[in-house]
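Here's a quick tour for anyone meeting this structure for the first time. Have the chain open and follow along.

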Amino acid sequence: MSSATPLLETRSLTKEFRGFRAVSEVDLTVSEGSVHALVGPNGAGKTTLFNLLTGFLTPSSGSVLFDGRDITGLAPEQIAPLGIARSFQITSLFEQMTLREHLELALASPTGMGRQWWRPVSRMSVFADRSMELLDQVGLADRAGVPAGSLAYGQKRALELAIALALDPRLLLLDEPTAGMGIEDIDRTITLVKRIASGRTVVLVDHNMHVVGSLADRVTVLQAGQILAEGPYDEVRTDERVITAYLGS
Ligand code: ADP
């Protein structure tokens, strides 16, 4: 499961907003093939950290290494082709477009299968086949021809996962994949993430400790921009400092 070189590493990663440290000297190590959860109270710096990892924000100091390569300060469009994909918390779907069209668009993008356009193949048929495979992976194959706007909330989140998978990323960043879901959709999402995480590295932000406990090999707890605790879920959830941070006493 783990390898000598971590797939993702941050060194003393720091982000300041007008002197306020949202992320402060964070050393994060994510092993290849693991599911690594980032948790922490609101305002702990989880979203800022995700934005730093994907190039949406530039660090004030420190560095980000992906597969041993320094990717600090690269733009999102430079980072994505390296094999880092992100599924957003806020839905970014086109209501009128069908599920298959969403997938074909993602695959045709320069970061998806579009990378392989030089290949002498009938590319749209390749995209169509791959789109159906991805929809099947997230349990939406039977809805391929319907507009995204007609999907239930949990299905929209599953479609977003399929879009993130179109890149076939080595590292998948999931931003609150179960936010706003009822228990049935949560359990379905856990099963789905387990399936797509096999053979892939996943960094997950989620508030739901049942989700974190079910999925994560390791957990990093952030508080006020700093790492408060790090380790296996069972160890971290019984850590006095973590309990205090969550209960606020
Ligand atoms: P989390 O995702 O853990 O809830 P965030 O990363 O969203 O935390 O925020 C961490 C801190 O940084 C918060 O205090 C937030 O108000 C602040 N922050 C986030 N983005 C900005 C920004 N663009 N400008 C100023 N402060 C920000």
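Let's start at a hairpin: β9 and β10 have 2 residues between them, and A224 there takes a positive phi near 50°. Helices and strands here are DSSP runs (H or I, at least four residues, for helices; E, at least two, for strands), numbered from the N terminus. Two strands count as paired if DSSP finds at least two bridges between them.

A word on the source: this is a predicted model, where local features need pLDDT of at least 70, side-chain atom pairs count only at pLDDT 80 or more, and totals for chains, interfaces and linings use all residues. Residues are numbered from 1 along each chain as its sequence is written.

| β9 (218–223) and β10 (226–231) | 5 bridges | Q223 and Q226 |

The β1–β2 pair belongs to an open antiparallel sheet of 4 strands, ordered β2-β1-β4-β5. At its edges sit β2 (20–30) and β5 (69–70), each pairing on one side only. Helix α1 (46–53) packs on this sheet, touching β1, β2 and β4 (61–66), and its direction makes about 65° with that of β2. Contact means C-beta atoms, placed from the backbone, within 7 Å; axes are lines fitted to C-alpha atoms, for helices over the stretch in contact, with angles from 0 to 180 degrees between N-to-C directions.

Finally, look at D168, in the loop between α5 (153–165) and β7 (171–175).

Methods. Contact = placed C-beta atoms within 7 Å.
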